[in-house]
Amino acid sequence: MSRLAAFAVAMLATLGSAIAAEPQPGALTITFIHPETYRDASKSYGYGSDAQVLDAIRVHLQKLAARELPAGYSLSIEILDIDLAGYIDWRYQGNVRVIRDATWPRMTLRYVLMHDGATIASQQERINNMNFNWGVNLYGYSDPLRYEKAMLDDWFARAITRQVHG
């Protein structure tokens, strides 16, 4: 074996053990319960749900959990209903979503937060953000779920991060 090959094998072995030694983040399970009955989780229909919206919400919750949920914790979230901010106005070609102050985002969910097998928090909540159209939103105008993501950020910080980090 050449020196370069031996060096590469040694580096891979060192890197592999370093990766294995890092703590793994907490586990997250997301379940959408009867998404076909959701009040408004569709980018174009204005009722029910579509896979793009559900996938975007799933990915966002996964990012929050990866950032805030340490090893040893597990979080199970069941999403029972979604009502996106705004409403679909059928008068406009292309199903335009109209945003008004009175059409804030809402979501009903049930969650269980556990640490090493013991339940820390368990609750069903109806979350909303009545002030969604005021202030600064960290998500850009090009993000069609910017209001829902900001609402989920606030909920996650209040309900989960405070339980985990005190």
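I looked up Leu 75 and found it in strand β2, residues 73–83 (strands are DSSP E runs of at least two residues, helices H or I runs of at least four, numbered from the N terminus). Leu 75 is buried, at 2% relative accessible area (buried is under 20%, exposed over 50%, partly exposed in between, with a 1.4 Å probe and protein chains only).

I listed the contacts of Leu 75, leaving out residues up to four places away in sequence; among them are Ala 27, Tyr 111, Phe 156 and Ile 160. Contact means heavy atoms within 4.5 Å. Leu 75 and His 115 sit 40 residues apart in sequence, but 8.9 Å apart C-alpha to C-alpha.

I noted that the model is predicted: local features need pLDDT of at least 70, side-chain atom pairs need 80 or more, and totals for chains, interfaces and linings use all residues. Numbering runs from 1 along each chain as its sequence is written, and side-chain values use heavy atoms, without hydrogens or water.

I checked pLDDT, the predictor's confidence per residue from 0 to 100. The chain averages 85, and 84% of the residues score at least 70. Residues 4–23 fall below 50, with three contacts beyond near neighbours in sequence. Where pLDDT is low, predicted coordinates should not be read in detail.

Next, the core. The largest nonpolar core has 31 residues (buried Ala, Val, Leu, Ile, Met, Phe, Trp, Tyr and Cys joined through side-chain atoms within 4.5 Å). Helix α3 gives the largest share, seven residues. Ile 57 is among those with the most contacts inside this core. Beyond four places in sequence, Ile 57 touches residues including Phe 32, Ile 79 and Leu 152.

Last, I looked at Tyr 47. Tyr 47 lies in the loop between β1 and α2 and is exposed, at 54%.
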